[in-house]
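Subject: Structure handover

Hello,

Here is the structure I promised to pass on. Please look it over first; my notes follow below.

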Amino acid sequence: MDASGAVTVDADGAGPAPSFTVPRPDFTIRSLRANGVLRWEFRPGSTLFLVWQQQRGVSTSDGDFRLGRDLNGLLSGPSDNVLAIKGTWWLAW
């Protein structure tokens, strides 16, 4: 390991394969997925669904875990939100 944290790998020792360098292997991936479903049956067999999904994800080069810092970084990062509405209607003949 050198001063920057990179690691040099020589898989076969003194053999013919060349050595290679891997950048600093420490990292942190923060991820959160949340779902919410609201279901309303407004008459027998007929239902309306409202679905919300949120996904957040951030990666950093820090390899240590600190709950406060990591949670704050996750909640202040960008998010993808999806809202879906689905309805079913029962037809009685």
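Buried residues make up 13% of the 93 residues in the chain. Buried means under 20% relative accessible area, exposed means over 50%, and partly exposed lies in between (1.4 Å probe, protein chains only).

This is a predicted model, where local features need pLDDT of at least 70, side-chain atom pairs count only at pLDDT 80 or more, and totals for chains, interfaces and linings use all residues. Residues are numbered from 1 along each chain as its sequence is written, and side-chain values use heavy atoms, with hydrogens and water left out.

Overall layout. The chain has 1 helix and 5 strands. From the N terminus on, the order is β-β-β-β-α-β. The radius of gyration is 25 Å, well over the 12 Å that the globule rule gives for 93 residues, so the chain is more spread out than a compact globule. That radius is taken over C-alpha atoms, and the rule is 2.2 Å times the number of residues to the power 0.38. Along the principal axes, the C-alpha atoms fill a box of roughly 80 × 35 × 15 Å. Helices (H or I, at least four residues) and strands (E, at least two) are DSSP runs, numbered from the N terminus.

The helix. Helix 1 covers residues 67-75, and Asp-70, Gly-73 and Leu-74 are buried there. Seen down the helix axis, these buried residues fall within an arc of 100 degrees, so they line one face. The arc is that of the directions from the axis to the C-beta atoms. They pack against strand 3 and strand 4. Contact means heavy atoms within 4.5 Å. On the other side of helix 1, Gly-68 and Asn-72 are exposed.

Strand 4. Thr-47 sits in this strand. Its relative accessible area is 7%, so Thr-47 is buried. Leaving out residues up to four places away in sequence, Thr-47 touches Arg-39, Trp-40, Glu-41, Phe-42, Lys-86, Gly-87 and Thr-88.

The surface. The chain exposes about 7500 Å², and carbon and sulfur atoms supply 61% of it. Areas come from the Shrake-Rupley method with a 1.4 Å probe; for residues, only the protein chains shown count as cover.

The segment after strand 5. Trp-93 is found here. Trp-93 counts as exposed because its relative accessibility is 95%.

Best wishes
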